[in-house]
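Welcome! Here is a short briefing to read with the sequence and the model side by side.

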Amino acid sequence: GRGTSARNGGGRAIRERVRTGAVFRYGAGGAAPPTAGAQPVPMPPGPVRLAVTGHAQCDSSCADLALQGLGPDRSLLAALQKVAAMAGATGPRALLHTGNRVKEGGLGEADAARYAELLGSSSLPVFPALGSDDAAGGAGAAAFRSAFASFPAPFGSGAPPAGISTAGIPGAPPGPGARTHYAFDTGGAGGTVRVIVIDNSLGSLAASDPHQNPPEPQLPWLQAVLADARAEGIPTVVMGNRSLNVNFSPKLNIASDGTLVAQALVDGGASAYLFDRPEENRTLRIPAGGAETIPSYGVGTLGYRSQISGAVGLEVADSLFGDSGVLMLEIDASQRDPATNRAPASVRLIPLIEDLSLEATDGTLLRRSRPALFRGLGRRPRGGDRWGQASAGSGNPNPSGGDPYTLFPPAPCFIAGCSARIAPEYTFTSSDPDIADFVKQDPASNNLRKPFLDADDKVVTDNSSGLLCTFNAGTTTVTVAAGGFSYSEQVRVLPGSVLRPCGTRPLRPDRFTRGVPQAAPPAPPPPPNSPPSNPPLDFEPPALTPPPPALPPGPVPNAPPTPPPAPVDPYFPLVTGIALGAVPAIVPPPPPPIVRPLPPGGAPARTYQVEERREEEAAIEESKAFSRHEEGGSELIVPTYLPGLILILALAGASVRGGPGARRRNRPAPATNIAVRTQRSRR
């Protein structure tokens, strides 16, 4: 209902993209579909983890709309709950928030109080930075310090959380209210890491210094804290609000002193820098173009999502980089370099979704050796979207709202800057990879259904790809997992020919059950004085009628008239005229397939059995039989069953054809029986 009613092409495009239709389940005890489930986000032991979020921003003052289910409010609360669920011995120790709550008008007292209420609902300690839009010329800094005054130390005046320490860290004593720049050490399994928060909200450190708590210049303080951490052998991470890469385009939320501060971080041994990137997730190297750089990570997808995709040459956020999620910063403190004090740092984007489904683009009934696409759909937290004023001409709102779904895999990116993209974390798995498995897509092709082939001309398993290769007939269950959810569907693979590019894969050995041959029990001995038993016959012999007694010569009284002699068959003279009741029925072979005559100079003719769908492999046999008469020939080829028939006729008696003295005057014509057998090999 929040879309547009315009009947033109633009209105239809908006309604299709926004997809406001949904299905909900109400009432207690409603069970989830059996294919949907929960799957915890993996947190293997080793690195120190810190959750990072940012930019849960309203377009204007939104404190009075707390009960309206605003998108930024719903997303921020969902992120806090997600991070708390991942906490544990190896999970995130704290949540770092890069700032920005109100876009226009700055952070007033009511909005600052609502902001603190949202961040204070987390069970984990939260440490935010002052945002560039929130400061609004310095007036918002006072509201920020007042609203967060009671937060845990060292940010506020409250007691420090467990595992958080400020002992020995340089700095002036704070004044009333929350700090605007501060530092602390977090210890635990995996080592200790120092977090440093700076305030460059007004464009630079120097421009923000007049509004600081404690009141001191930030750059000397930053250099002193970095030097102390280096002396103590503690790796450091720095968080601010603005980006320090001054050359990257689009230039969103850039610090004017970015190159200077970035060089100070490199010289001081910082491992990474965190900042607020409006409506995008990006990774950039700082200083820009420097010989020695460190990674910086921008996060800002807890608010609205840009409706522009593939923006080139525009200084606006791009929805290709706007997948809603929480960055999981991982620092391997055990691999700290003593010479530079830097430790390896990386991020994972945990998608922020409230349900997950699996879209089988090519269906779930597939054929062997054929690639098929699957895609996961994650629904962002449901909340109000950002809509512009309706156009007077078309009635379409501008902006028209963002896509409420996160795609797995994400939409392909073919524009400049795609290497800076931080893709959401997800996995595709198959319960029976020998039946079908997810494989790597060819990175050199725009065809999403083209698999990558390695040096052995084989596909490569890839759990981040939605491309499924079907190898053998059978069934398998495919599952997509993301953001703590999972969704499964059963796929059936039909038999078929082995084709490229998927080919085939050997079946698991346990699918073949080989029984041990059992020896046949010995036959019991025959009873004494019993007649010997005859071996069983493979067929039932025909009943033989004993010949009638011989009659004396002369006419037989009351006898029917003698029929004329039957014509003689020149090919089978001994069979002609035999009583059919005494001969077993012989089923004639099927007629041979019709083959067109071979044209002069043409290719040999072949007969194929049509395979409608090529779903099964078969070795199709074709049999052709014919006879050839040769003039003057003297060779007689006797069929294999003819001696048996002669024996049966001998037992039946020769009186049927005039007694033993009857003679055949017909000379058999020679015939040659030629059998041709062809077989099409199995492919």
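Two strands pair if DSSP finds at least two bridges between them; helices (H or I, at least four residues) and strands (E, at least two) are DSSP runs, numbered from the N terminus. By that rule, strand E21 (residues 436-439) and strand E22 (residues 467-470) pair in the antiparallel sense over four bridges. This is a predicted model, where local features need pLDDT of at least 70, side-chain atom pairs count only at pLDDT 80 or more, and totals for chains, interfaces and linings use all residues. Residues are numbered from 1 along each chain as its sequence is written, and side-chain values use heavy atoms, leaving out hydrogens and water.

**The seven-stranded sheet**
- An open sheet of mixed pairing is formed by seven strands, in the order E5-E6-E7-E8-E9-E11-E10.
- Its edges are strand E5 (164-165) and strand E10 (282-286), each pairing on one side only.
- Strand E7 (residues 193-197) and strand E8 (residues 236-239) run parallel and are joined by four bridges.
- Val 195 has Val 237 as its bridge partner in E8.
- Helix H7 (residues 218-232) packs on the sheet, touching strand E6 (182-186), E7, E8 and strand E9 (270-276); contact means heavy atoms within 4.5 Å.
- The direction of H7 makes about 180° with that of E7 (axes are lines fitted to C-alpha atoms, for helices over the stretch in contact, and angles run from 0 to 180 degrees between N-to-C directions).

**Glu 104**
- Where does Glu 104 sit? Its place is in the loop between strand E3 (95-97) and helix H3 (109-119).
- Glu 104 counts as exposed because its relative accessible area is 54%.
- Not counting residues up to four places away in sequence, Glu 104 touches Asp 59, Ser 60 and Ser 61.
- Cys 58 lies 46 residues from Glu 104 in sequence, yet their C-alpha atoms are 8.5 Å apart in space.

Methods: Buried < 20%, exposed > 50% of the residue type's maximum accessible area, 1.4 Å probe, protein only.
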